[in-house]
Amino acid sequence: MEPDKFRESRQEINRMCKNVHALIDQKALEESKQGYEKVNEQLKILKPQAEGEIQRRSVKNLGIKLKNLSTLIHKLKPKPGARKAGKTGIVWDEARLAELNPVFLEKMLHNIGTDENATVCLGTTGKGIRPNYQIHFSDKTLTAYSGASHKPNQKPGADHTKNVSPPFSRAIIETALTQNIQKEK
């Protein structure tokens, strides 16, 4: 390759590497990966065009620089917000509700008491084994419960969380309990 054109291509790749390194310093994982891919494509184009010992050595050095960038990118962790954006949480429906332990469902019904119009919203975070839940009573009161102890959750804001399912009626919970008990027989 003509030395001037090679130099321009090499300098462009070096500029792109500096940009990727700046993105790594900013801990921008996705942008770093995209930048790395672009630089890698440019190096793949340049590599077969290298003529002579100096150009081949220069391409090899650029390859080493890219390998170091790749290592730094792999050490980056996704931003907490980015991880949550891709995570959907638990999707509660009647079938999933029926998979809960019957003792759990019985304790939930005990907390509902005699309120026939109460509804329950289940937490959508965690593993869905003992989810926290909120009971919306017919007198418009709301009580958040710990799924582990079935006691009212005393944490500030526990009754204002957004990570809850759509409401389930008492009748749906009773049906889920009945289905669950019949499965165990």
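Which residues of α3 are buried? The legends below, drawn from a predicted model, begin with that helix.

**View 1. The buried residues of helix α3 and their packing partners.** Helix α3 covers residues 52-75. Its buried residues are Gln55, Ser58, Val59, Leu62, Leu66, Leu69, Ser70 and Ile73. These buried residues pack against α1 and against α2, which spans residues 29-46. An α-helix has 3.6 residues a turn, so residues three or four places apart point the same way. With its 24 residues, α3 extends 35 Å from its first C-alpha to its last, close to the 34 Å expected at 1.5 Å a residue.

**View 2. The contact of helix α1 with helix α3.** Two packed helices are described by the angle between their axes and the distance between the axes. The axes of α1 (residues 3-25) and α3 come within 11 Å and cross at roughly 10°. Angles under 35 degrees count as roughly parallel, and α1 and α3 are therefore roughly parallel to each other. From α1, the contact draws on Pro3, Phe6, Arg10, Ile13, Asn14, Cys17, Val20, His21 and Ile24. From α3, the residues that meet them are Gln55, Ser58, Val59, Leu62, Lys65, Leu66, Leu69, Leu72 and Ile73. By class, the residues of this contact comprise 12 nonpolar, four polar and two charged.

View 3. With a relative accessible area of 15%, Met16 is buried, because the cut-off for burial is under 20%. Met16 and Lys38 are 22 residues apart along the chain, and their C-alpha atoms are separated by 8.2 Å.

**View 4. Lys27 in the loop between α1 and α2.** Lys27 is not a glycine, yet its phi is positive, at about 60°. The residue is exposed, with a relative accessible area of 53%.

**View 5. Helix α6 and its two ends.** Helix α6 comprises residues 102-112. At its start, a side-chain oxygen of Asn101 reaches to within 2.7 Å of the backbone nitrogen of Val103. Within the helix, Pro102, Phe104, Leu105, Met108, Leu109, Asn111 and Ile112 are buried. Gly113 follows α6 and has a positive phi, near 75°.

**View 6. His150 and its surroundings.** His150 lies in the loop between β3 (142-145) and β4 (168-169). Although His150 is not a glycine, its phi is positive, at about 60°. Its relative accessibility is 9%, and His150 therefore counts as buried. Neighbours within four places in sequence left aside, the residues in contact with His150 are Phe104, Lys107, Met108, Asn111, Tyr133 and Tyr145. Among these, Phe104, Met108 and Asn111 are buried residues of α6. The side chain of His150 also makes a polar contact of 2.8 Å with the side chain of Tyr133.

Conventions
Residues numbered from 1 in each chain as written. Predicted model: local features only at pLDDT ≥ 70, side-chain atom pairs only at ≥ 80, totals over all residues. Heavy atoms only, no water. Buried < 20%, exposed > 50% of the residue type's maximum accessible area, 1.4 Å probe, protein only. Helix = DSSP H or I, 4+ residues; strand = E, 2+ residues; numbered from the N terminus. Polar contact = N/O pair within 3.5 Å; in protein donor to acceptor, adjacent residues only side chain to side chain. Axes fitted to C-alpha atoms, helices over the stretch in contact; angles between N-to-C directions. Parallel < 35°, antiparallel > 145°, perpendicular 65-115°, else oblique. Contact = heavy atoms within 4.5 Å. Nonpolar A, V, L, I, M, F, W, Y, C, P; charged D, E, K, R; others polar. Expected span 1.5 Å × (residues − 1).
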